[in-house]
Amino acid sequence: MDYTVGELAKRCGLTVRTLHHFEKLKLLQPSARSAAGYRIYSDADVLRLHRLLALRHSGIPLKEIGALLDAEDPPLIDVLTRHIAVVEAQLQRQQRLLNALQRVAERAERQEAGLTEQLLVTMGMMRALERHFDEAELRRFDRWREALDRDAVRASEAEWPALIEAARAAMAADVDPASPQVKAIAQRWLELVNQFTGPDEAIQRKFAAMYAAETQIQHDTGVTPALLAYLRRAVTDEMRAAAAQATQRIAATTNGGAR
């Protein structure tokens, strides 16, 4: 089927001016001209336009899209599959941001102090997660978090600042990591980490690597490599096993961390 420039613009929700702009950039050329000189677009042109819009929606600059469009000519199902994957990833990122902002908004409703700082920490953490985790890992993490009881998540998040401060104070006072005081802190730390990340050890290792690499997060949270090394000296195999069992019980009550 053939389309005029006006028909194509109307059908795909663009302006004629936009299609003219794409033509000027040599991204989308009409396949033919009518006897009266009007631009005519074919089904193949429509497919190219969809690929163009999908690439632009992915954040790729227009100046780079031309080479990508000319490099391949995939079937429609391949184009749609790729576009679906891009949109799903974008929706997941938006949902993560929405969840994080909702948690800050809940604190605002309670008129807690330091909300601007908390918002900055939240935004910084979101960017750090995207730098250190791929989309599949983030989705596994999302599914675990979504399956947990919301009140339990809020309670564990509220517990973190005091626990971090207790660990920092013990390290500053040079308390022996083998002492009952530090062991209790380390045990609870393990439990909260497992509750936060789920039973996926690979995810937990990547979180530790993220904190080691992100100096701003270290500054914002107080969780430094030195503090983590100090707590690791307090951890025993029995403590790890107990924390893992607690996480397994949570996973069992949440259908394996997914709904």
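**View 1. Leu 119 and the nonpolar surface patch in the predicted model**. Leu 119 is found in helix H6. Its relative accessibility is 32%, and Leu 119 therefore counts as partly exposed, a class that lies between the cut-offs of 20% for buried and 50% for exposed. Together with Leu 101, Leu 120 and Met 123, Leu 119 makes a nonpolar surface patch of about 310 Å². Helix H6, which covers residues 115-132, provides the largest share of this patch, namely 3 residues.

**View 2. The open sheet of 3 strands**. The strands are arranged in the order E1-E3-E2, and their pairing is antiparallel. Strand E1 (3-4) and strand E2 (32-33) stand at the edges; each has a single partner strand, so one side of each is left without a neighbour in the sheet. Strand E3 comprises residues 39-41 and pairs with E2 over 2 bridges in the antiparallel sense. Within this part of the sheet, Ala 32 has Ile 40 in E3 as its bridge partner.

**View 3. Helix H7, residues 135-147**. Helix H7 has 13 residues, which at 1.5 Å a residue should span 18 Å; the C-alpha atoms at its ends are 18 Å apart, and the two values therefore agree. At the start of the helix, a side-chain oxygen of Asp 134 comes to within 3.2 Å of the backbone nitrogen of Ala 136. Which residues of H7 are buried? They are Glu 137, Leu 138, Phe 141, Asp 142, Trp 144, Arg 145 and Ala 147.

Definitions and conventions. Residues are numbered from 1 along each chain as its sequence is written. This is a predicted model: local features need pLDDT of at least 70, side-chain atom pairs count only at pLDDT 80 or more; totals for chains, interfaces and linings use all residues. Side-chain values use heavy atoms; hydrogens and water are left out. Two strands pair if DSSP finds at least two bridges between them. Helices (H or I, at least four residues) and strands (E, at least two) are DSSP runs, numbered from the N terminus. The expected span of a helix is 1.5 Å times one less than its number of residues. Buried means under 20% relative accessible area, exposed over 50%, partly exposed in between (1.4 Å probe, protein chains only). A polar contact is a pair of N or O atoms within 3.5 Å; within protein, one must be able to donate a hydrogen and the other to accept it, and residues adjacent in sequence count only if both atoms are side-chain atoms. Patches are made of residues with over 30% relative accessible area and no salt bridge: like charges are joined within 9 Å, nonpolar side chains (Val, Leu, Ile, Met, Phe, Trp, Tyr) within 5 Å. Accessible areas come from the Shrake-Rupley method with a 1.4 Å probe; for residues, only the protein chains shown count as cover. A salt bridge is a side-chain nitrogen of Lys or Arg within 4 Å of a carboxyl oxygen of Asp or Glu.
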